[in-house]
Amino acid sequence: MSNDTRQAALRLEKMINLEEEHNTNNYFPSMQSSKLGKRWKEYHGMSNWEGLLDPLDDNLRAEILRYGHFVETAYKSFEFDPSSPNFANSRFPKKALLERCGLPKTRYKVTKYLRATSGIQLPSWVDKVPRWVAKQTSYVGYVAVCHDKEEIKRLGRRDVVVAYRGTTTCLEWLENFRASLTNLPIPCSSKRAFEKNGVMDGSGAMVESGFLSLYTSSLPAKVSLQEMVRREISRILDTYRGEQLSLTVTGHSLGAALATLTAYDVKTAFPELPVTVISFGGPRVGDRRFRRQLERQGTKVLRIVNSDDVITKLPGFVFDDDVASAGGVHVAGFPSWIQKRVEEAQLVYAEVGKELRLCSRDSPYLGNTNVATCHELNTYLHLVDGFVSSTCPFRASAKRFLQR
């Protein structure tokens, strides 16, 4: 089993292109030259990216790719080897993280490592399985703050980034399969999740059970991911009080779902802070009421979606939101009794935010793709780099981020 798991870990590393020698520095200089300045709110989604997505604005392309590299760093720094005593932790110290992952020119500094905890109750015989199988808490991402004066000037504000990787551990996979919706917020051991001024602030919104579990669960000696994020954002706001700050939460796959929950929670706790999500290949997160809550609080979400990526079509079902029947959701040609059963099973989801839809088949360089390659972060970065518009879908010169 040890050899098999080691080989599986190595295959996963290759799949997401984790080789340390892969260096993306050559792409950052061109991104640094695009000055956002006074237009930063436009690129941060203030107007829902109107006029910037089709055709794709070059400055926005650069920003999306820049945040994609932060997500890539969360993958590269994760210890995949189950035989390592450092399994499921970061391979590098905070001060060296960005440089060791090939991004010394970001002009950000990492201020906090983030860990997610599974809320799945493990059986009594769990002590008999390998340690990596029952790993409940693992390194899932980090917080970074722009610290360079010139970069702050270029960006138009001091930007704070929260970056999340996708699914890696066994219990995270199990959480992914808990696809039924659950009420938001839920009681926690120490305080109520998503509580604002002592009042539960969910308004009937529902989100995927497993994603919420990973965000809010804790252990006696481990605080929840939610609590870690809140404390760090609060500390950063105090440190840079009086400055113009923004929060950009980014992630891939499971990390995209955690990014959406994080943005909702932070905006609830700190309503004056501009909060935006840039997600890659994310699954659905919540229902229509959750989407309305995001819209009401002003959280902006840009979902990068590959039409060939099955993960973006999960979990649950999305019915026609524009046609309601007897208080339910109606789909033309869809039997009402099936709709009712799906609703009773808490499986009716809704897409959130704005969507930048791409397609693997538009790239002349990807060749034959499968379910795995369509979902890879590198595929997404390649498609963003090459996308021009819906009428001219791909730049012939875009070859970045391809596997070597």
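User: Exposed means a relative accessible area over 50%, buried means under 20%, and partly exposed lies in between. In this predicted model, is R361 buried or exposed?

Analyst: R361 forms a salt bridge with D308, and the closest N and O atoms of the two are 2.9 Å apart. This pair links distant parts of the chain, 53 residues apart, with D308 in the loop between β10 (300–306) and β11 (324–325) and R361 in the loop between β13 (354–358) and α13 (371–375). At 23% relative accessibility D308 counts as partly exposed. R361 has a relative accessible area of 64%, which is over the 50% limit, so the residue counts as exposed.

User: Is R165, which forms a salt bridge with E172, buried or exposed?

Analyst: In the salt bridge between E172 and R165, the closest N and O atoms are 2.8 Å apart. E172 has a relative accessibility of 2% and therefore counts as buried. The relative accessibility of R165 is 0%, which is under the 20% limit, so R165 counts as buried.

User: By about how much of the helix are R235 and E232 separated in α9?

Analyst: R235 and E232 form a salt bridge whose closest N and O atoms are 2.7 Å apart. R235, with a relative accessible area of 39%, is partly exposed, whereas E232, at 6% relative accessibility, counts as buried. The two residues lie 3 residues apart in helix α9, so their separation is about one helical turn.

User: What is the handedness of the crossing in which α9 passes α10, and how do the residues of their contact divide?

Analyst: α9 passes α10 in a crossing that is right-handed. On the α9 side the contact involves L225, Q226, V229, R230 and I233, which meet L258, T262, D265, V266 and A269 of α10. By residue class, the contact divides into 6 nonpolar, 2 polar and 2 charged.

Conventions: Residues numbered from 1 in each chain as written. Predicted model: local features only at pLDDT ≥ 70, side-chain atom pairs only at ≥ 80, totals over all residues. Heavy atoms only, no water. Left-handed = near helix turned anticlockwise from the far one by under 90°. Helix = DSSP H or I, 4+ residues; strand = E, 2+ residues; numbered from the N terminus. Contact = heavy atoms within 4.5 Å. Nonpolar A, V, L, I, M, F, W, Y, C, P; charged D, E, K, R; others polar. Salt bridge = Lys/Arg side-chain N within 4 Å of Asp/Glu carboxyl O. Buried < 20%, exposed > 50% of the residue type's maximum accessible area, 1.4 Å probe, protein only.
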